[in-house]
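Reader: I am new to protein models. Could you take me through this one, step by step?
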Amino acid sequence: MFDKLKSIKKGYVKSRDKPDQSLPYAKVQKRGKWIRRFVKIALVLVGLSGAIAFIKASNVSQTNHKLIAKMKTYDDKLEKASMGQSVYSPSLNRYAQGFFQTYFTQSDNDDDKQKRLKALKKYFATNISSTIYDNQDSQKETYVGSRLLNTFTKNDVKIA
């Protein structure tokens, strides 16, 4: 039994005594040289791609600024071309007819004046006080009729 252990021990020691099977120094050095070259080339390519991307992005940015400037000039031309251009809408016509009917019909009676002021409030903005149309002459006027011909824009104000 002891002989068996000795032979196992000897076999184990013998296998440790074998020389390492490593690559020769020249081969390792040659592989390291190629790896360093590959890493350098990869870094140069990454740097170049970043520079190319930056140049393309700045070109796109300049193009965008030019297009925005063109768009502003086209908007200005369109606004100038549409100045005084008539626009008709049936809903605007109904609104104007109701407003004209209420606004131009006045009465001497105080109750009628209050009804008129209440009716006019729906045509004006909520933050406008009623003093704008309270101080009108109290003479009796009647609305005969009107017709909306067109609307146009002048100095950013719509005129009917």
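Reader: What makes Arg116, Leu117 and Leu120 the buried residues of H4?

Author: Buried means under 20% relative accessible area. Arg116, Leu117 and Leu120 are the residues of H4 that count as buried. They cover an arc of only 100° around the axis, so they sit on the same side of H4.

Reader: Which exposed residues does the face turned away from the buried side of H4 carry?

Author: That face carries Asp111, Gln114, Lys115 and Lys118. Exposed means over 50% relative accessible area, so these four residues pass that cut-off.

Reader: How much of the protein counts as buried?

Author: Of its 160 residues, 10% do.

Reader: What lines the largest pocket?

Author: The lining is Leu92, Tyr95, Ala96, Phe99, Phe100, Thr151, Lys158, Ile159 and Ala160. Helix H3 (90-104) and strand E2 (157-159) are the elements that give two or more residues each. H3 gives the most, with five. The pocket holds about 170 Å³ of space.

Reader: How is the lining of the largest pocket divided by class?

Author: Seven residues are nonpolar, one is polar and one is charged. Lys counts as charged, so Lys158 is the charged one.

Reader: Where is confidence lowest, and where is it highest?

Author: Helix H1 (residues 2-16) is lowest, at a mean of 55. Helix H2 (residues 25-82) is highest, at 88. The mean pLDDT of the protein is 75, and 66% of its residues reach 70 or more. Where pLDDT is low, the predicted coordinates should not be read in detail.

Definitions and conventions: Residues numbered from 1 in each chain as written. Predicted model: local features only at pLDDT ≥ 70, side-chain atom pairs only at ≥ 80, totals over all residues. Heavy atoms only, no water. 1 Å grid on protein atoms, 1.4 Å probe; cavity = no way out; pocket = protein on both sides within 12 Å on 5 of 7 lines; lining within 4 Å. Points joined across faces, edges and corners; volume = space filled by probe spheres on them. pLDDT = per-residue confidence, 0-100. Buried < 20%, exposed > 50% of the residue type's maximum accessible area, 1.4 Å probe, protein only. Arc of directions from axis to C-beta.
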